[in-house]
Amino acid sequence: MEPERPDQAELKETKQLTGGETAGSSLVGKVRDSGMALKERAVEEVKSYKDPQNTQLWKSIFRVSHDRSDPRNRSLAILSNVFLHLHPAKINRDAVRYPFTWGMGGITFYLFIVLTFSGVLLMFYYHPTKADAFKDILYLEHDVPFGKLLRNMHRWAAHLMVITTWLHMFRVVLTGSYKRPREFNWGVGVVLLVLTLLLSFTGYLLPDDQLGFWAVTVGTNMARATPMLGSEGPFGVQLGMTPFNDVRFGLLGGSIVDSNALLRSYIWHCIGIPLVASIFMAVHFWRIRKDGGISGPAPVMLESEMKAVKKN
Amino acid sequence: MAKRRFNLTKGKLLGLGVLVAVVVLAVLVVEDWQQLWKISSAPDNVPIVAMLFLVPIFTWMGVRQSLANDRLIRELEQDPKLAKTHHRKAEPWRPGWARELHVWPYLVRIEFLVTVIVTVILFVWSITLNAPLEEPANPNLTMNPSKAPWYFLGLQEMLVYFDPWIAGVVMPSLIMVGLMVFPYVDSNPLGNGYYTLRQRRFAVGMFAVGFLQWILLIVIGTFIRGPGWIWFWPGQTWDHNAVVFDKNIDLHDLIATSWIGKTLHLGFLQSNLGKWIFGALVVGGFYIVGALFFHWLMTVDFKRISLRPLRLFPRDPFEQKLLERTSILQYVMFQFFAISVLLAMPVKLILRLGLTIKYVWVTPWFNI
């Protein structure tokens with residue numbers, strides 16, 4: 001921009017000096033000249049847009065250039081990205097070996113995201129009422145574009161999530177990753193496992209078909225037998241429990257699996273448990289980082305190197 | 001590098017033999033293939049069929065790495081000099097290699113690849129298999145068999161062996177709390193962050209037993225329990241008119257009415273107080289025997305067990321050392337959960353299915 005100004009100033013000066021031209025022609029000349037100048041500026045600017053990474057817009061979004069792969073940029077790519085910042089910038093070279101990690105924790109989290117996404121879409125087509133629930137599923141299966149695919153994917157991702165959670169747990173045991181300092185995070189993981197099962201179970205009733213109805217009936221009938229809190233459990237009657245005030249009544253919002261149970265399981269399924277699970281997940285991931293990333297593969301320790309127990 | 005050639009080792013031969021045996025057995029035993037197919041192809045049962053393959057595959061993957069590490073550990077223990085210089089991993093290593101990698105791109109690209117693969121699997125699965133949808137819910141028409149979702153079938157199967165308050169409430173709570181307690185009762189400092197069986201045989205063994213029990217109960221619930229929750233072997237036709245006469249008997253009745261009970265005049269066992277005390281003694285005795293059993297399992301050196309000369313309690317010095325590190329609280333906690341869940345479950349299963357015993361402890365308030 002800077003160099004253009006003196007040129008224009010010069011141009012004006014020469015025009016004043018010559019002075020012989022009429023006012024009209026000088027106006028045309030002025031317009032033409034500034035037009036030319038504007039064109040030059042535009043060409044310059046367009047040239048600069050050819051490299052979008054140099055634009056203000058780009059730089060405001062992405063802080064790191066991804067075309068240079070020097071160590072600093074690679075680290076910044078992780079550290080300055082909100083979605084990736086849970087990772088450390090560098091990890092143990094063996095920690096990326098699939099046979100060690102099995103990747104099951106990550107897959108479980110990805111499935112949770114898939115389920116949230118497909119679940120939100122399903123919520124657009126579903127009413128948790130006795131009159132509508134089953135019809136909504138039929139509508140979803142036969143009329144909604146890709147509705148069947150959506151429902152299938154939600155169901156199978158849920159089943160898969162149960163499997164991957166179990167396998168994740170199995171791997172953590174086999175590598176002894178629950179040991180100090182990760183004992184607490186293992187406990188958080190157990191809670192997440194239970195929440196996963198509860199999420200799956202509360203979703204089972206929502207289609208309001210025979211399968212879900214009887215599965216939930218069987219499941220909640222067990223709650224009737226809770227010691228002290230259930231009407232048919234040990235010491236329940238002695239403590240004044242009836243089918244209308246016991247723990248099963250609280251779960252179902254009634255003494256039978258009916259419209260209140262449908263609404264309750266809908267709210268637990270779509271809002272209550274996912275919220276709680278998200279909080280526990282945040283803690284789970286945070287603790288992984290704070291406890292030094294994944295546990296291994298660590299160098300093997302030998303029996304002779306066992307330290308004596310600390311007495312406090 | 002030389003090309004890897006397929007060697008028929010003993011292990012592979014054994015695996016092949018087992019496979020052939022399973023196929024032959026299936027052909028001989030299965031009388032109703034259609035029934036078997038109907039159960040295993042039910043869309044909601046597909047995950048458990050998948051588990052039947054996934055669990056062995058991943059177990060194999062873990063065991064293979066454990067054995068590699070165990071070989072290394074043995075080698076290093078025999079050669080303290082090597083232990084000082086070796087990089088202490090079974091994974092390959094050369095001097096000059098960077099010990100750490102950048103997460104971008106070496107981890108992020110794996111994560112991306114995995115999400116793509118999982119997405120593809122989900123799409124294929126969702127396109128080829130429809131989520132089940134039965135008739136609208138009808139409280140007047142009971143489904144038979146009326147089954148919980150597959151991951152809860154273990155609990156439902158437990159209802160056969162225990163009253164609902166144990167199977168549905170106490171057992172799940174014990175399993176949850178037991179799992180949370182697991183890291184705190186494992187006093188072994190070795191095996192933190194690498195696969196090993198040699199250094200952690202008891203902890204891994206206990207978890208594996210629990211995990212397999214859970215899967216086994218689910219498999220029984222899925223493949224074996226038919227209408228009326230009656231036991232049908234895989235491949236047997238589900239007979240909706242089948243009736244099983246329950247001849248289950250309580251333990252105190254069994255003893256009081258048996259020949260021994262009659263000659264020793266044990267009729268008082270059938271009185272209210274008699275069966276209460278008898279049951280308490282049986283359950284108490286079970287906990288004592290169970291504790292002795294787990295203590296033996298914890299410390300025994302299996303390789304030195306022999307019958308001639310009779311040696312049933314040889315101690316493993318390493319396991320003994322671990323036991324010394326274990327606090328009394330840790331030990332008691334472990335014993336409680338191990339006996340109440342890991343041992344009680346299979347013992348009651350055998351008592352119920354093998355000896356048709358219903359309760360071992362009958363009281364006016366609860367039965368076990």
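The model is predicted. In chain A, the mean pLDDT is 87, and 91% of the residues score at least 70.

The overall form of chain B was examined next. Its C-alpha atoms fill a box of roughly 80 × 60 × 40 Å along the principal axes. Chain B has 368 residues, and 25% of them count as buried. Among contacts in chain B with a separation of 6 or more, 64% are between residues 24 or more positions apart. For chain A, the domain assignment gives domain 1 (58-90) and domain 2 (102-292). The C-alpha centres of these two domains lie 36 Å apart.

The two chains meet over an interface. On chain B, 84 residues are in contact with 84 residues of chain A. Several elements of chain B each supply at least two residues to this side, among them helix H6 (108-128), helix H8 (164-185) and helix H9 (201-224). Strand E1 (100-102), helix H5 (103-106) and helix H13 (317-325) of chain B also belong to that group. Helix H3(B) gives the most, with 13 residues. By class, the side of chain B that touches chain A has 54 nonpolar, 16 polar and 14 charged residues.

Strands also link the chains. Strand E1 (residues 90-92) of chain A pairs with E1(B) in the antiparallel sense, over 3 bridges. Within this pairing, Ile91(A) stands opposite Leu101(B).

Nonpolar packing was then considered. In soluble globular proteins, nonpolar side chains tend to be buried together. The largest nonpolar core in the model has 95 residues. Leu111(A), Ala157(A) and Met161(A) have the most contacts inside it. Helix H8 (residues 147-174) of chain A gives the most to this core, with 15 residues. A second, separate core has 5 residues. Its members include Ala77(A) and Ile78(A), together with Val103(B) and Trp104(B). Around Ala157(A), contacts reach into both chains.

Most residues other than glycine have a negative phi, and most peptide bonds are trans. In chain B, a cis peptide bond joins Trp104(B) and Pro105(B), with omega about 10°. Pro105(B) is found in helix H5 of chain B. Trp104(B) is also one of the residues of the second core. Another cis bond runs from Arg308(B) to Pro309(B), with omega near 5°. Pro309(B) lies in the loop between helix H12 (272-299) and H13 of chain B.

Positive phi values occur as well. Asp208(A), which is not a glycine, has a phi near 55°. Asp208(A) is placed in the loop between helix H9 (183-205) and helix H10 (210-223) of chain A. Asp208(A) counts as buried because it has 25 C-beta neighbours inside 10 Å, and 20 or more are needed. Arg88(B) is likewise not a glycine, and its phi is positive at about 70°. Arg88(B) lies in the loop between helix H4 (80-85) and E1 of chain B. With 20 C-beta neighbours inside 10 Å, Arg88(B) therefore counts as buried.

A further arginine, Arg287(A), was located in helix H12 (residues 259-290) of chain A. Arg287(A) has 16 C-beta neighbours inside 10 Å, so it counts as partly exposed. Leaving out residues up to four places away in sequence, Arg287(A) touches Phe184(A), Asn185(A) and Val188(A). Arg287(A) and Ala225(A) are 62 residues apart along the chain. Their C-alpha atoms are separated by 37 Å.

Definitions and conventions:
Residues numbered from 1 in each chain as written. Chains lettered and ligands numbered in written order. Core = buried A, V, L, I, M, F, W, Y, C linked by C-beta atoms within 7 Å. Buried ≥ 20, exposed ≤ 12 C-beta atoms within 10 Å, placed from the backbone. Helix = DSSP H or I, 4+ residues; strand = E, 2+ residues; numbered from the N terminus. Contact = placed C-beta atoms within 7 Å. Nonpolar A, V, L, I, M, F, W, Y, C, P; charged D, E, K, R; others polar. Pairing = 2+ DSSP bridges. Domains from an automatic or database assignment. pLDDT = per-residue confidence, 0-100.
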